[in-house]
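User: I would like to go through the structural assignments for this protein and the criteria behind them. Please set each value against its definition.

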Amino acid sequence: MTLPEKDSGEIASDGGSHEGLDSIIRRLVDGQPFAVLCTQGQGQPYGSLVAYAMTPDLASAVFATPRATRKFRLLSECDRVALVIDNRSAFPGRLMEVEAVTATGRAEAVDQGEEFERWAGMLTDRHPYLARFVRSASCTLFCIRIVRYFHVSHFQEVRQWVPGSPG
């Protein structure tokens, strides 16, 4: 079922389930190796392109960034983020076929150790060319704990899905 946006920008909800939405999101995420990380600071929004990997349950994502960047500073100041993933490059000139998903959540730096190795492995399995960068002393891994997804299709049809809820 598709949930239309209300004029207020909120998503209409009929309390029903969104059968298969998790599978739709998984297909989109698996097909797109890069996303736009949305951060904020000093009253300004920022977008940064990141290579990412997602957990199988879609509840978390991981990406790497150098410490000497605005992105790192903004993440250190405010952990609320959005990750925008879309397939527009597959549909040039056909806006009604483009799908996008915005994952909202909180990002936290991953400390060295067993957890770091698990996240680093997940990221470098998907992006092998990042292996040296991820393990460099100037790099930090961030894990995003995803709270919810907003999926947009046909230019204006918006549906919401929460990880851990029925698809």
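User: What percentage of the residues of the protein count as buried?

Analyst: Of its 167 residues, 43% count as buried, where buried means under 20% relative accessible area, exposed over 50%, and partly exposed in between (1.4 Å probe, protein chains only). This is a predicted model, in which local features need pLDDT of at least 70 and side-chain atom pairs count only at pLDDT 80 or more, while totals for chains, interfaces and linings use all residues. Residues are numbered from 1 along each chain as its sequence is written, and side-chain values use heavy atoms, with hydrogens and water left out.

User: Which residue forms a salt bridge with Glu115, and where do the two lie?

Analyst: Glu115 pairs with Arg145, the closest N and O atoms being 3.4 Å apart. This pair links distant parts of the chain, with Glu115 in helix H3 and Arg145 in strand E7, 30 residues apart. Glu115 is partly exposed at 36% relative accessibility, and Arg145 is partly exposed at 34%.

User: How do you know that the length of helix H3 agrees with its number of residues?

Analyst: Helices (H or I, at least four residues) and strands (E, at least two) are DSSP runs, numbered from the N terminus. The expected span is 1.5 Å times one less than the number of residues. The 13 residues of H3 (114-126) should therefore span 18 Å, and the end C-alpha atoms are 19 Å apart, which agrees. Buried residues of H3 include Phe116, Trp119 and Leu123.

User: What is meant by a nonpolar core, and which residues touch the most other members of the largest one?

Analyst: A nonpolar core is a set of buried Ala, Val, Leu, Ile, Met, Phe, Trp, Tyr and Cys residues joined through side-chain atoms within 4.5 Å. The largest has 25 residues, and those touching the most other members include Ile25, Leu37 and Ile144. Apart from it lies another core, of 15 residues, among them Ala51 and Ala120.

Note on methods. A salt bridge is a side-chain nitrogen of Lys or Arg within 4 Å of a carboxyl oxygen of Asp or Glu.
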